[in-house]
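Here is a short briefing to read alongside the sequence and the 3D view. Keep both open as you go through the points.

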Amino acid sequence: MKKLTPKAAFRKLAAIYDKMVDRYNDVAETIDMKCDGCTDNCCLSFFQHHTYVEWAYMWEGLNQLPADRLEAIKAKAQEYVEQGQMTLARGQRPHIMCPLNIDENQGICGLYKHRLMICRMHGVPNMLVKPTGQEIRFPGCYRCQELTEGMDTPPVVDRTPLYKDLVMLEMQFVGKNLRQLPKVDHTIAEMIVLGPPKLR
Ligand code: SF4
Ligand code: SF4
């Protein structure tokens, strides 16, 4: 398989992200789901991300920020990682604001164009069939669950084709080293603290 240049891989990733946003919007419109006035904030959710290509694309966005802004984000990310480790050591799930958020009250993403797949899918019901055949379903956020309560068949985003596209892109981006490299299983904060991914 021919390895893609970072520029070409990022273009393809942006196209996959656009498709995700379209699917998300279709479902959100059907259930009349909006984030306005939300009392929760999904950027407080603790989750890991799993691809080198998304990690690298996030850094492509970070590197476009003014130097002082990037330094502030790195400091917040370091705090996040330390607090997260302490919380996990107590057997609890961290509930800490993502270091890329720029307005805790309104949940504004400071790297919106480069935000990762899971950030784009959090709100609405979505499902994924893994290559093993295992089906995973996500009910959407609390507001979405309220809106879909009582629906026999709530609309759902099938992430499977998008996930397949992402896996293919990951192989094209990383190239033949993919199997030798450690599996990616990092929070956004960890990806910031670690710096851009090393692919060799
Ligand atoms: S990257 Fe943006 S959308 Fe994703 S959790 Fe962080 S602030 Fe929220
Ligand atoms: S996706 Fe759900 S939890 Fe996240 S901001 Fe929107 S309404 Fe709130």
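A salt bridge is a side-chain nitrogen of Lys or Arg within 4 Å of a carboxyl oxygen of Asp or Glu. The model shown is predicted. It holds 4 salt bridges. One of them joins Asp 165 and Lys 19, whose closest N and O atoms are 3.5 Å apart.

**Salt bridges**

- Asp 165 sits in helix α6 and Lys 19 in helix α1, so this pair ties together parts that are 146 residues apart in sequence.
- Asp 165 is partly exposed, at 31% relative accessibility. Lys 19 is also partly exposed, at 36%.
- Another salt bridge links Glu 71 and Lys 74, with the closest N and O atoms 3.5 Å apart.
- Both Glu 71 and Lys 74 belong to helix α3, where 3 residues separate them, about one turn of the helix.
- An α-helix has 3.6 residues a turn, so residues three or four places apart point the same way.
- Glu 71 counts as partly exposed at 46% relative accessibility. Lys 74 is partly exposed too, with a relative accessible area of 32%.
- Lys 34 pairs with Asp 32, and here the closest N and O atoms are 2.8 Å apart. Lys 34 is partly exposed, at 47% relative accessibility.

- Asp 32 lies in the loop between α1 and α2.
- Asp 32 is not a glycine, yet its phi is positive, about 60 degrees.
- Most residues other than glycine have a negative phi.

**Helix α2 and its cover**

- How many of the residues of α2 are buried? The count is 10 of 11, so α2 is mostly covered, given that buried means under 20% relative accessible area.
- The buried residues include Trp 55, Tyr 57, Met 58, Trp 59 and Leu 62.
- The cover over the buried residues of α2 includes α1, α3, α4, α6 and α7.

**How α2 meets α6**

- Two packed helices are described by the angle between their axes and the distance between the axes.
- The axes of α2 and α6 come within 8 Å and cross at roughly 70 degrees. That makes the two helices roughly perpendicular.
- On the α2 side, the residues that meet α6 are Tyr 52, Val 53, Glu 54 and Ala 56. On the α6 side, they are Leu 166, Leu 169, Glu 170, Phe 173 and Val 174.
- Thr 51 lies in the loop between α1 and α2. Thr 51 counts as buried, at 11% relative accessibility.
- Beyond residues up to four places away in sequence, Thr 51 touches Leu 166, Glu 170, Val 184 and Met 191.

- Ile 192 is in helix α7. Is Ile 192 buried or exposed? Ile 192 is buried, with a relative accessible area of 2%.
- Leaving out residues up to four places away in sequence, Ile 192 touches Met 58, Trp 59, Leu 62, Ile 73, Lys 74, Ala 77, Pro 99 and Leu 100.
- Ile 192 and Val 81 are 111 residues apart in sequence. In space, their C-alpha atoms are 9.9 Å apart.

**A nonpolar patch on the surface**

- Which residues form a nonpolar patch on the surface? They are Met 1, Val 167, Met 168 and Met 171.
- Together these residues have about 380 Å² of accessible area.
- Met 1 is found in the segment before α1. Met 1 is exposed, with a relative accessible area of 67%.

Notes. Residues numbered from 1 in each chain as written. Chains lettered and ligands numbered in written order. Predicted model: local features only at pLDDT ≥ 70, side-chain atom pairs only at ≥ 80, totals over all residues. Heavy atoms only, no water. Patch = residues over 30% accessible without salt bridge, like charges linked within 9 Å, V, L, I, M, F, W, Y side chains within 5 Å. Areas by Shrake-Rupley, 256 points an atom, 1.4 Å probe, with all protein chains shown as cover. Helix = DSSP H or I, 4+ residues; strand = E, 2+ residues; numbered from the N terminus. Buried < 20%, exposed > 50% of the residue type's maximum accessible area, 1.4 Å probe, protein only. Axes fitted to C-alpha atoms, helices over the stretch in contact; angles between N-to-C directions. Parallel < 35°, antiparallel > 145°, perpendicular 65-115°, else oblique. Contact = heavy atoms within 4.5 Å.
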